[in-house]
Amino acid sequence: MTSTRGQRVILLLGACLASALVVAHLQVVLDSTRRVATDFGLFYHGLLAQRAGGSFYDVTVASHWPKPFANDLLDLAPPHLHLLLWPLMPLPYGAAFAAWVLLNTAAFALSVRLITRELGIAWTRSTACWFVVGVLAPPLVSLSTIAHGQYVWLLTLPLTLAWIDLRHERWVRAFGWLGLVLSAKPFPAAMVVYALWHRQFRAPLAMLGTALACAAAGTVAFGASVR
């Protein structure tokens, strides 16, 4: 009886904390829909500038960040990543920001689901509540990501799929997923050493080919003269 009562108390505490954190993060999303000085703002207004005949990398209204940033910030995403944003462009900025956060959150949730299924982890109500608390409590992990509309959670999905494929020694497919990430961030290139160590010579080619295909998609969509 005592053990059951203790489990209920832990579940109730976790549910309360998780609910409070979710509400706080929803408030952050609402506040951020009214600010353009965010990473998403740079992304969104960079694409607007390109569509108006300018460049992704022009100074826009989203470039003027408050202190301690002394200089204007620019959209630094490679052209093909803007294709992810293209379906959101008919929406006003606030709605596009909220949809972007929802897309990233869905990618992260799917990644967690794939990881737990791969490892055979069974969820309970208590572990689910405390997992939400663990993800949302550290401000630099969640609040910063959401407040600025970053796409790091979107990258979690191909990284998760690559990890699963590597666990099953599906090297070429795993490095294909890593190539998607490489087209946005350079850090997967370190995995080339791991592949060569295991004499998997086709895997780095799959990574490079996927990254080049992504770059080519950006060239086809926006032209080769993107500045």
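Visitor: What is the handedness of the crossing of H7 and H8?

Guide: This is a predicted model, in which local features need pLDDT of at least 70, side-chain atom pairs count only at pLDDT 80 or more, and totals for chains, interfaces and linings use all residues. Residues are numbered from 1 along each chain as its sequence is written, and side-chain values use heavy atoms, with hydrogens and water left out.

The crossing of H7 and H8 is left-handed, meaning that the near helix is turned anticlockwise from the far one by less than a right angle. Helices here are DSSP runs of H or I with at least four residues, numbered from the N terminus. H7 covers residues 152–167 and H8 covers residues 171–182; their axes come within 8 Å and cross at roughly 165°. Axes are lines fitted to C-alpha atoms over the stretch in contact, and angles run from 0 to 180 degrees between N-to-C directions. H7 and H8 are therefore roughly antiparallel, a term for angles over 145 degrees.

On the H7 side, the contact (heavy atoms within 4.5 Å) is made by Leu155, Pro158, Leu159, Leu161, Ala162, Asp165 and Leu166. H8 contributes Trp171, Arg173, Ala174, Phe175, Trp177, Leu178, Leu180 and Val181. By class, the contact has 13 nonpolar, no polar and 2 charged residues. Nonpolar covers Ala, Val, Leu, Ile, Met, Phe, Trp, Tyr, Cys and Pro; charged covers Asp, Glu, Lys and Arg; the others, Gly among them, are polar.

Definitions and conventions: Helix = DSSP H or I, 4+ residues; strand = E, 2+ residues; numbered from the N terminus. Parallel < 35°, antiparallel > 145°, perpendicular 65-115°, else oblique.
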